[in-house]
Amino acid sequence: MHAQLYNDKELFRLISEGDETAFRMLFRRYVPQLRPLILHLTKTTAVTDDIIQETFLRLWISRDKLPEIDVPRSWLLRIAFHLSFSWLRKQVVHHKAIDAITSDYTSEGPVTTTEETMVYNAMMKQVGAAVAQLPPQAKRIYLLSREKGLKIPEIASELSVSPSTVKNSLVRSLHFIRKQLELSGHLFPAVLMWVLVNIVLK
């Protein structure tokens with residue numbers, strides 16, 4: 001079995017049938033992509049390895065759902081970024097964990113990230129501006145998810161609406177925020193944008 005002969009959806013289908021060879025192929029295909037992205041967030045090699053292992057463990061445990069996944073790459077990235085962001089949130093102070101994303105230091109020593117920090121700060125300002133433009137109900141739903149960390153069922157209960165209403169509102173808000181970032185020229189920090197925006201769809 002040659003990995004090049006199978007696209008991601010085909011590998012997902014094979015994995016759903018318990019094919020361990022397909023699982024190893026997908027693992028080898030995505031670890032080189034996931035590792036630098038997760039390491040950029042955690043700044044810790046050991047934590048990065050743990051998150052990668054947990055990501056693929058969740059994939060294997062959820063293999064019965066894999067045939068329903070339309071975009072395997074997005075699904076994997078969402079899991080990896082959710083785990084990364086959860087790890088950051090468990091640090092002593094949440095804002096310090098977020099600051100680590102643009103820290104001037106890594107486990108290997110000091111690095112120069114002035115330009116990246118400027119881009120990050122500009123992006124976050126644009127995210128805030130986009131959120132401010134959302135309709136009142138959509139804005140409230142987004143903030144309950146993003147700032148209070150509430151899950152979709154919890155938001156639905158608090159606002160006395162259905163979970164599908166909450167999810168649809170979040171999807172629309174995320175599309176709007178992403179579009180505003182693209183229009184403002186913030187294409188470079190796509191990974192950070194995913195973590196800081198799309199992670200709300202838990």
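Predicted model: local features only at pLDDT ≥ 70, side-chain atom pairs only at ≥ 80, totals over all residues.
Local features need pLDDT of at least 70 and side-chain atom pairs count only at pLDDT 80 or more, while totals for chains, interfaces and linings use all residues. Residues are numbered from 1 along each chain as its sequence is written, and side-chain values use heavy atoms, with hydrogens and water left out.

**View 1. Meet helix H3, residues 45-61.** Helices here are DSSP runs of H or I with at least four residues, numbered from the N terminus. H3 has 17 residues and reaches 24 Å from its first C-alpha to its last, close to the expected 24 Å; the expected span is 1.5 Å times one less than the number of residues.

**View 2. The two faces of H3.** Buried (under 20% relative accessible area, 1.4 Å probe, protein chains only) describes Val 47, Thr 48, Ile 51, Ile 52, Thr 55, Phe 56 and Leu 59. They lie on the same side of H3 because they cover an arc of only 165 degrees around the axis, taken from the directions from the axis to the C-beta atoms. Facing away from that buried side are Gln 53 and Ile 61, which are exposed (over 50%).

**View 3. H2 packs against H3.** Their axes, lines fitted to C-alpha atoms over the stretch in contact, are 9 Å apart at an angle of about 140 degrees. Contact (heavy atoms within 4.5 Å) involves residues including Phe 23 and Tyr 30 of H2 and Ile 52 and Trp 60 of H3.

**View 4. H1 meets H4.** Here the angle is about 70 degrees, with the axes 9 Å apart, and the helices are therefore roughly perpendicular (65 to 115 degrees). Phe 12 of H1 and Trp 75 of H4 are among the residues making the contact.

Key
Axes fitted to C-alpha atoms, helices over the stretch in contact; angles between N-to-C directions. Parallel < 35°, antiparallel > 145°, perpendicular 65-115°, else oblique.
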